[in-house]
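Please open the model in a viewer and keep the selection tool at hand. The stops below are given in the order in which they may be selected.

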Amino acid sequence: MTAQAHFASDLHGRADRYLKLLAAIRDERPRAVFLGGDLLPSGGLPAGGEGGFLLGWLAPRLAALREALGPDYPRVLAIFGNDDPRSEERSLAELEGRGLLEHVHARRVELLGRPVLGYACVPPTPFALKDWERYDVSRFVDPGSVSPEEGARSVPVSESETRWGTIASDLEALAGSQDLSRAVLLFHAPPHATALDRAALDGVRVEHAPLDVHIGSIAIRRFIEARQPLVTLHGHVHESARLTGAWRDRLGRTLCLSAAHDGPELALVRFDLDEPEGATRELL
């Protein structure tokens, strides 16, 4: 039996994108589905009627899909992204309790005999919500961005976390010394200075300082280069594929795939967990 998987990211609560994804799962019956963050309606406001988007809209549709597929219902592995309020983790936990998906941020799970690690946080952005933002490798913040110590949070966290937490230290704690050569890593942020993190910031300056057009994570790039997982999955930078013409890149032996997209369509990445080089991406 093949180990086919679907990957989608940055759905932003768009019903049309979710319905296309659910239809593809129903028709193609992948073994696993990866959801790479920014799952909720933009702006952090719950939608979908009673229970909000996750419980009021998504949960009954996932339950109906499970009923239709029976034993072919896939493992659904999800993380949030920087546009998703952390207060909605309670709803995600409810979906996990119902067996509809698994929340894998800062967790390792086994999938068809291989490790999967999830990590939602991104480097500091210009946006106000900081629930899923961390300093990257140091307390440096790019011009125009707001530090994790400022902005707004939907749940309180300790001062030590906001002041001293970094993506680099989080990843080391998550992975430890384990062998990642067969692992799938589900990130929201892409690695820095690749085809997957190119933003539309050409010529933009903040107080005369030019902005880096690559807005991915240096820590994630260094981690991939050092640990060489089999495949990494990314989103976050919607326009990257349009600007670079590429939705995949390579860091050493690691294949890096992005499902971020700045058009109205669903960008669906399909790949085989055993042979990810054959990955395809279709706009639906």
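Begin with helix H5 (residues 167–175), in which Ile167, Leu171, Leu174 and Ala175 are buried, that is, under 20% relative accessible area with a 1.4 Å probe and protein chains only, where exposed means over 50% and partly exposed lies in between. Helices (H or I, at least four residues) and strands (E, at least two) are DSSP runs numbered from the N terminus. Viewed down the axis of H5, the buried residues fall within an arc of 85°, so they line one face of the helix; the arc is that of the directions from the helix axis to the C-beta atoms.

This is a predicted model, in which local features need pLDDT of at least 70 and side-chain atom pairs count only at pLDDT 80 or more, while totals for chains, interfaces and linings use all residues. Residues are numbered from 1 along each chain as its sequence is written, and side-chain values use heavy atoms, leaving out hydrogens and water.

Next, display what covers the buried residues of H5: this includes strand S5 (108–111), S6, strand S7 (184–187) and helix H6 (218–227). Just after H5, select Gly176, which takes a positive phi of about 55°.

Move to helix H3 (residues 89–97), where Ser91, Leu92 and Leu95 are buried. These residues cover an arc of only 100° around the axis, which puts them on the same side of H3. The face turned away from that buried side carries the exposed residues Arg90 and Gly97. Among the elements covering the buried residues of H3 are H2 and S4. Gly99 follows H3 and has a positive phi, near 75°.

Now select the sheet. Its 6 strands form an open sheet with mixed pairing, in the order S4-S3-S2-S1-S13-S14; two strands pair if DSSP finds at least two bridges between them. Strand S4 (102–103) and strand S14 (280–283) are the edge strands, each pairing on one side only. Strand S13 (residues 267–272) pairs with S14 in the antiparallel sense over 4 bridges, and Leu268 has Glu282 in S14 as its bridge partner.

Finally, where does Ser145 lie? Ser145 is in the loop between strand S6 (114–119) and helix H4 (159–164). Leaving aside its neighbours within four places in sequence, Ser145 is in contact (heavy atoms within 4.5 Å) with Pro124, Thr125 and Pro126. A polar atom of the Ser145 side chain lies 3.4 Å from the backbone oxygen of Pro124.

Key: Polar contact = N/O pair within 3.5 Å; in protein donor to acceptor, adjacent residues only side chain to side chain.
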